[in-house]
Amino acid sequence: MSERQGSGAMGGNSKTSGRQDTSKKSPEVPAEDFDIDMDAPETEKAAVAIQSQFRKFQTKKKTDNKS
């Protein structure tokens with residue numbers, strides 16, 4: 001298994017652009033190939049945490065652009 005080295009947006013990701021790398025195309029994976037229990041409490045907590053961080057990011061992005 002691999003170990004994580006940090007958290008958040010700077011956790012080992014050195015890309016500076018918000019765009020996806022289009023040089024590496026991966027095949028589309030149908031949704032039914034994922035075995036995620038959408039009713040599990042852990043899944044709901046993770047979704048709320050991701051949404052919260054995304055909203056903070058959007059707010060910060062908006063205020064940085066106004067400066």
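Predicted model: local features only at pLDDT ≥ 70, side-chain atom pairs only at ≥ 80, totals over all residues.
The chain has 67 residues, and buried ones account for 1% of them. Its secondary structure consists of 1 helix and 0 strands. That helix, α1, covers residues 41–66. The accessible surface of the chain is about 7400 Å², and carbon and sulfur atoms contribute 52% of that area.

One patch on this surface is nonpolar. F34, I36 and M38 form this patch, which has an area of about 370 Å². M38 belongs to the segment that precedes α1. The relative accessibility of M38 is 62%, so this residue counts as exposed, because the term applies to values over 50%.

The other patch is negative, and its members are D35, D37, D39, E42 and E44. Asp and Glu are the residue types that count as negative. Among the members, E44 is located in helix α1. E44 has a relative accessible area of 55% and is therefore exposed.

Note on methods. Residues numbered from 1 in each chain as written. Heavy atoms only, no water. Patch = residues over 30% accessible without salt bridge, like charges linked within 9 Å, V, L, I, M, F, W, Y side chains within 5 Å. Areas by Shrake-Rupley, 256 points an atom, 1.4 Å probe, with all protein chains shown as cover. Salt bridge = Lys/Arg side-chain N within 4 Å of Asp/Glu carboxyl O. Charge placed at Lys NZ, Arg CZ, Asp CG, Glu CD. Helix = DSSP H or I, 4+ residues; strand = E, 2+ residues; numbered from the N terminus. Buried < 20%, exposed > 50% of the residue type's maximum accessible area, 1.4 Å probe, protein only.
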